[in-house]
Amino acid sequence: MKETKRAANNMPHEDPEHQERLLMVETGIDPAVWREQGHPPPSLLVASREDVLPQPLAERVTSHIELCPSCTRLLEDLLDPDVACPTLGEITRIRRRLPMPSPPQRPWKTLALIALTLVTAALSIVAVRTLSSGPISPQFVAPMPPGPPAPPGLVFRIPVEPAPLKLPPASTLAWRSQDGGPDQAYLVELGQALKPYREGRYREAAVRLQSLASQYPQSVEAPFYAGVSHLLAGDALFALEWLTKKPLVRSHPLYDDQLWYRAAALEQTGQWAEARDLLRQLCKLSGGYQQKACQLSKR
Amino acid sequence: METDKTNRSSGADYVFVSSVEREKNRRERLARLYDQHVHAVFRYAWRLTGRRDLAEDFTSEAFLALHRNLDQVEDARLPAWLFTEVRNLAIEYWRRASREQTLSEAAPFLRPDGSSSLVDLLSRATGLKPVHRICLTLRYLYGMDRQEIARQTGLSEHQIKSALQYGLELLRRELTS
Ligand SMILES: [Zn+2]
C-alpha cells in the first residue's frame, strides 16, 4: 500500500498512466471500458479504400466500417495527409537500401543533429518533471489522492492555426554566401520545403524544413516553420524543440509568431506556467497576437 | 604498330571512363528522382497497405525496380510508373495475407451497434489532432501497447507517450468541465 502510494507520488505528470488515474478518479470512467474486440486491424481499414483487397474480405471490412463510428473516425484520421507522410527515419532507411550517392549532409552534422535532438528531448523531460514537482502545478505533486484539476488560470487552449508565411527578401538575408551575395539557393530551397506546408502536409513539411535547417545553420525561417509544422501535426515535443532552437530578436518579423507558437507547444507539453508567461509577454506587445494573448492570459 | 597499340589502349580507357561516368549519372538521376517522388510513393504505399513497415519496403522495392529499368523509363512517366510497381506488390501481399487465419472467415468482425463511448468523447474534445485520436483509439479501443502503436504510426514511443498524455488531459477536461 505504502509502496503503491509512493509510486503514484513519484509518477511524473507526463505519464499517460497518471492521466488515466486522474480520469478515473475525477470522472469515474475506467479507460478499460473503451476496449472492444472485433474491429478490423487498422491496416485493413486503410487498404479497404483502395481496390487491393480480395473479395470477400473487402466486402466484410467495408460493411463493418459503414456501421462502426469508431472505425470510420479512425480511418479518417489514418488517411490524414500528415499521418500518411514518411518520417525522416523512414526516408533515411529507404534511401540506404538504394544505390545512390549519400545525401549532401556531412556525417558529423548528422551525428551532431541526432545528439542535439536527444539532448533536447532529455532536457524537455527534465523540465517537465521539474515542473511537475514545483509549486506551479500543485495538481501534479501528489496525484493520489488527487489534487484539484489544473488551475483554471493555467488552462488556455491556445488555438493553433498555420502560421502566415513571412519569407525574407533576398536583400535582407542575415548572412551571405561565400561570394558575398545573398544566398539565393537557401531561398529557393526554402520555397520548395514550404510547399507541403502550404498544402497542409505538415509532417512532410517538418521533415524537409528540419533537413534544410541543418543544412543552413544560420537560417531562422526553416527551424521556425519546422516547429510550427510539428505543432500542426500534433507533435508538441518536437515543436518545442524547433521553436526554441533559434530565439529571435525583437525586431524580427517572426518574433511574435515564435512566442505564440512556443506558448502553444509549452501548453501542449504540460508547461502551463511557461505558456502563461509567454502569453503575458505577447499581451504587452502591440503585434497581431496581442488581443488573443491578453484574452487568454486573463482568463 | 606502336600507334595502333596506343589507340587501342586509349579507346579501352575511354570505354571504361564512359561506363563509370554513365553509372555515376544513373545514380545521380536516381537520387534526384528519389528526392522528387519518395514522399508521394510512400504515401501511396501506405494507403494500399496501412502498414508503415510495408510502405517502407514497397517504396524501396519500387525505387530498386526503377534503378534496374532506369534507361527505359523517362521522367515524364513518373511517379505513375512507381505507383504501378507499388500497387502490384500490394495486391500480391493482400492476396497472400487474406489466406491467413487472422484475416479469414474464422475471425468475423464485430457487428457494431452504431454507438461508441470513446468515439463520442473524441469528437467532443476539439483540441485533438488526428495523431492524438489515433494514439488514443489504438491504445484504448484496440488495447495496443506503445510499441505496437509505434509500428502502426511511425511515431517514436516518446511521441506516442506525449500524444496519449495530451489526449487524456483534454478528454479529462472535457468530461469535468
Ligand atoms: Zn469498428
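1. On chain B, the side that touches chain A draws at least two residues from each of helices H1 (2-49), H2 (52-68), H3 (80-97), H4 (117-124), H5 (130-141), H6 (146-153) and H7 (157-176). Helices are DSSP runs (H or I, at least four residues), numbered from the N terminus. That side of chain B comprises 36 nonpolar, 23 polar and 22 charged residues, with Asp, Glu, Lys and Arg counted as charged, Ala, Val, Leu, Ile, Met, Phe, Trp, Tyr, Cys and Pro as nonpolar, and the others, Gly among them, as polar.

2. Before going on, please note that this is a predicted model, where local features need pLDDT of at least 70, side-chain atom pairs count only at pLDDT 80 or more, and totals for chains, interfaces and linings use all residues. Residues are numbered from 1 along each chain as its sequence is written, chains are lettered from A and ligands numbered from 1 in the order in which they are written, and side-chain values use heavy atoms, leaving out hydrogens and water.

3. In the contact (heavy atoms within 4.5 Å), chain B contributes 81 residues and chain A 84 residues. About 7900 Å² is buried between them, 62% of it from carbon and sulfur atoms; this is the accessible area (1.4 Å probe) that two parts lose on being put together, summed over both.

4. One pairs Arg97(A) with Glu56(B), at 3.5 Å from N to O. In another, the closest N and O atoms of Asp77(A) and Arg133(B) are 2.8 Å apart. Asp77(A) sits in helix H5 (residues 69-78) of chain A and Arg133(B) in helix H5 of chain B, so this pair joins two chains.

5. Do look at the zinc ion, coordinated by His39(A) (ND1), His64(A) (NE2), Cys68(A) (SG) and Cys71(A) (SG) at 2.0 to 2.3 Å. Donors are N, O and S atoms within 2.8 Å of the metal (3.2 Å for Na, K and Ca); water is not among the atoms, so sites may look incomplete. The 4 donor atoms subtend angles of 106 to 114 degrees, which makes the arrangement tetrahedral (four donors, all angles between 85 and 135 degrees).

6. Finally, Gln55(A) to Pro56(A) is a cis peptide bond, with omega near 0 degrees.

Terms used
Salt bridge = Lys/Arg side-chain N within 4 Å of Asp/Glu carboxyl O. Tetrahedral: all angles 85-135°; square planar, octahedral: opposite > 155°, others 65-115°.
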